[in-house]
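Student: Could you show me how to read a few features in a structure that is new to me?

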Amino acid sequence: MKYFLAIVGGGPAGYTAAEIASKAGKDVVLFEQNALGGTCLNVGCIPTKSLLYGAKQYYNASHAQKYGVTAENVAFDFAAMQKRKTIVVRKLVAGIKQRLNNEHCTVVSGQAKVLDNIRQFWRIECNGVEYEAEHLMICTGSTNFVPPISGIKDNPAVWDSTDALAATELPQSMVIVGGGVIGMEFATLYHELGVPVTVIEAMPTILPNLDQEVVQVLLDKYKKAGINILTQTKVESIDGNTVHYSSLSSEEGRGEVSAERILVSVGRRANLQGLEALEGLELNRGAIVIDEFCQTNLPKVYACGDVTGKIMLAHVASRQAEVAVEHMLHDQMVNVQMVNYNAIPSVVYTNPEIASVGLTEVQAESMGISVEVRKLPMTFSGRFMAENEGETGLCKMIVDSRTGTIVGVHCIGNPCSEFIAAASCAVRNGYTLSDFQQVVFPHPTVSEILHELL
């Protein structure tokens, strides 16, 4: 059977594309070698947030006296947290299967391999069976990057994020190599469950791609809470359970720290497995190059998600898939919208959360934008004050002073993840301060902090 579209990879990009194309009446075949949902659903976003929520519940119960509530003998069951995490993932995977359950969508479980292009049809082999499709979409995702550090390979003390999520028992102590999003979320999880944590980051700060004034609020809180955070520090080697490091500031020299487990989380790399036959496929720094409609340089070959090396977030992958399929269906669709990478919201699920969209102050200034910075503590929101005892938080709005256009918003404070989409709409649509002032925010909500900034 010949298909309109063959998709390699069943993560957020793959299953979104399959759902849209099949609902449009096009025959689709989707290949997934592991479980539908990809990294995000199975060993990433969803399982980490499930565990983080359990840890937050324990943390809140332990600190309930701030709200006039006495909770005695507060305890947690890590095995029960893991069991709940597994149930959540299974339900969501089942939901994806149901969404793809239609006459035009075929899901094949197994590792797909692209063979060649014959008579303008791409041939793909999986489990000894060949399939042909007019269009090919690569959604093979990414894998954990293993840095070239002596002592990592075959070391039972070393985990990656997948190992950490599969663990049935908490470690007695933890060193986390990498202070990015993944590293800081795991640092939050372990710290709130009482595990001593050390974070080692080579950059001058944790979360280096975010607004640093916002990050400093988190850094101050975490250091005060007892998380040992070493920045400008390079891991030289790992010897069993001991990490040997050197300071890049040249003042503190060398040192070492030991822990039961060492979690290495220094980023992810595009997964190009099974694509070896795509000769001439343009790559940049190990990721597939795409145009504004997610097309590669090869005819009728698209790529979406982490494999493109753009912004490795599930919602970016889904949006890319929407754009790509709309472009394939151009004879049935009008006004195909491109992905606006300048208005992608992102969240770091620490406690408190960090949420941001658009340009930081530094980025805007580097682009020659005349910047006006508006900022307030989150305590200017009555709802925030009512629900975040002892927290101050911060919300910043970056404005082009020449036009009054909002180009970025950056917040720290719970639950900023739930209203950053409003700021994303403002940045996406080029709202001026005057435009955004016309938006009515419900009272009392934490989202009102955005209106206070106007």
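This is a predicted model: local features need pLDDT of at least 70, side-chain atom pairs count only at pLDDT 80 or more; totals for chains, interfaces and linings use all residues.

Student: How are two packed helices described?

Tutor: Two packed helices are described by the angle between their axes and the distance between the axes. Here, take helix α3 (residues 45–62) and helix α4 (residues 78–99): their axes come within 9 Å and cross at roughly 140°. The two helices are therefore oblique to each other, and their crossing is right-handed.

Student: Which residues of α3 and α4 meet?

Tutor: From α3 come Ile46, Pro47, Ser50, Leu51, Gly54 and Ala55, and they meet Met81, Gln82, Arg84, Lys85, Val88, Val89 and Leu92 of α4. Sorted by class, this contact has 8 nonpolar, 3 polar and 2 charged residues.

Student: Now the threonines. Is threonine 233 buried or exposed?

Tutor: For this we look at relative accessible area, where buried means under 20%. Threonine 233 has 7%, so it is buried. You will find threonine 233 in strand β12 (residues 233–239). Leaving aside residues up to four places away in sequence, threonine 233 touches Ile200, Glu201, Ala202, Tyr245, Ser246 and Leu248.

Student: And where is threonine 403 found?

Tutor: Threonine 403 lies in the loop between β23 (394–400) and β24 (405–412). Its relative accessibility is 47%, so threonine 403 counts as partly exposed. The side chains of threonine 403 and threonine 405 are joined by a polar contact of 2.8 Å.

Student: How far apart in space are threonine 403 and leucine 433?

Tutor: From C-alpha to C-alpha they are 9.3 Å apart, while in sequence 30 residues separate threonine 403 and leucine 433.

Definitions and conventions
Residues are numbered from 1 along each chain as its sequence is written. Side-chain values use heavy atoms; hydrogens and water are left out. Axes are lines fitted to C-alpha atoms, for helices over the stretch in contact, and angles run from 0 to 180 degrees between N-to-C directions. Helices (H or I, at least four residues) and strands (E, at least two) are DSSP runs, numbered from the N terminus. Angles under 35 degrees count as roughly parallel, over 145 as roughly antiparallel, 65 to 115 as roughly perpendicular and the rest as oblique. A crossing is left-handed if the near helix is turned anticlockwise from the far one by less than a right angle, and right-handed if clockwise. Contact means heavy atoms within 4.5 Å. Ala, Val, Leu, Ile, Met, Phe, Trp, Tyr, Cys and Pro count as nonpolar, Asp, Glu, Lys and Arg as charged, and the others, Gly among them, as polar. Buried means under 20% relative accessible area, exposed over 50%, partly exposed in between (1.4 Å probe, protein chains only). A polar contact is a pair of N or O atoms within 3.5 Å; within protein, one must be able to donate a hydrogen and the other to accept it, and residues adjacent in sequence count only if both atoms are side-chain atoms.
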